[in-house]
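Me: I have a model open here and would like to talk through how it is put together. Could we begin with the aromatic rings?

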Amino acid sequence: MLSGRRLDLLDPSPFDIEIEDIAHGLARVARWNGQTLGDHAFSVAQHSVVVEEIVAHIQPDIAPKWRLAALLHDASEYVIGDMISPFKSALGFNYKEFEARLESAIHLRFGLPPKSPVAVKSLIKKADRACAFFEATQLAGFDRKESLRLFGAPPPDYDLVIQPLPAGQAQARYLERYRLLAGAMGALPAPDAWHTE
């Protein structure tokens, strides 16, 4: 990793995981394998920030730690890339087990339980699918009917206009959201404490 950490992919340790590596990697991993409109790919980092925002929109009183879980829902992709779900299924159980080990290590590194509760996972999945709906219709050439069939309808009172960001901006936005949520959990100093005169 750019941080100098060495991550054992078969036995990942939370001690070898850094948020800066995650943000850097995810900002450079393209959703839809890069087959999207615009000057920049829609990165997994930007997608993750949107999913966290949708989670908070659907359930405004959700605890900061579960919002952080939403932000980190695709964090394993900083190492393994973004694969479409049918391909993951085709790879079989070993891939899913590998991904689950890495996700558990990431969660532990950032003060979350190794696995999110079922209700939280369902909420994050709902937000993930809502984001995918907007991505499909605005960036990937799907019409509304096809997107509704594949991803379901987004929350009726939520709208999104996607502007894919350059990698550096997506990375900065991801880190900003992480610091805000980690600060709210008490894992970092409050945002005001980050700036010194």
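Reply: Trp32, Phe142 and Phe151 are linked by ring pairs into a cluster, where rings of Phe, Tyr and Trp (its six-membered ring) pair if their centres lie within 6.5 Å, and planes under 30 degrees apart count as stacked, over 60 as edge-to-face and the rest as tilted. This is a predicted model, in which local features need pLDDT of at least 70 and side-chain atom pairs count only at pLDDT 80 or more, while totals for chains, interfaces and linings use all residues. Residues are numbered from 1 along each chain as its sequence is written, and side-chain values use heavy atoms, with hydrogens and water left out.

Me: How many aromatic pairs are there by this rule?
Reply: The count comes to six aromatic pairs. One of them joins Trp32 and Phe151 in an edge-to-face arrangement, at 6.2 Å centre to centre and with 85° between the planes. Trp32 lies in the loop between α1 and α2 and Phe151 in helix α8 (residues 144–151), so this pair ties together parts that are 119 residues apart in sequence. Helices here are DSSP runs (H or I, at least four residues), as strands are (E, at least two), and they are numbered from the N terminus.

Me: And what sort of pair do Phe142 and Phe151 form?
Reply: Phe142 and Phe151 form a tilted pair, with 6.4 Å centre to centre and 50° between the planes.

Me: What about the backbone at Trp32?
Reply: Phi of Trp32 is near 60°, which is a positive value in a residue other than glycine. Most residues other than glycine have a negative phi. Asn33, also found in the loop between α1 and α2, has a positive phi too, near 50°, and Asn33 is exposed, with a relative accessible area of 54%.

Me: Changing topic, how many helices and strands are there?
Reply: The protein has nine helices and zero strands, and 45% of its 197 residues count as buried.

Me: Which residues have the most contacts inside the largest nonpolar core?
Reply: They are Ile22, Leu72, Ile106, Phe110 and Tyr174, in a core of 55 residues; such a core is a set of buried Ala, Val, Leu, Ile, Met, Phe, Trp, Tyr and Cys residues joined through side-chain atoms within 4.5 Å. The largest share of this core, 10 residues, comes from α7.

Me: Is α1 enclosed or open?
Reply: Six of the eight residues of α1 are buried, so α1 is largely enclosed by the rest of the structure; the buried ones are Ile19, Asp21, Ile22, Ala23, Gly25 and Leu26.

Me: How do α1 and α9 pack?
Reply: α1 and α9 pack at an angle of about 145°, with their axes 8 Å apart, the axes being lines fitted to C-alpha atoms, for helices over the stretch in contact, and angles running from 0 to 180 degrees between N-to-C directions. The contact (heavy atoms within 4.5 Å) is made by residues including Ile22 and His24 of α1 and Tyr174 and Arg179 of α9.

Conventions:
Buried means under 20% relative accessible area, exposed over 50%, partly exposed in between (1.4 Å probe, protein chains only).
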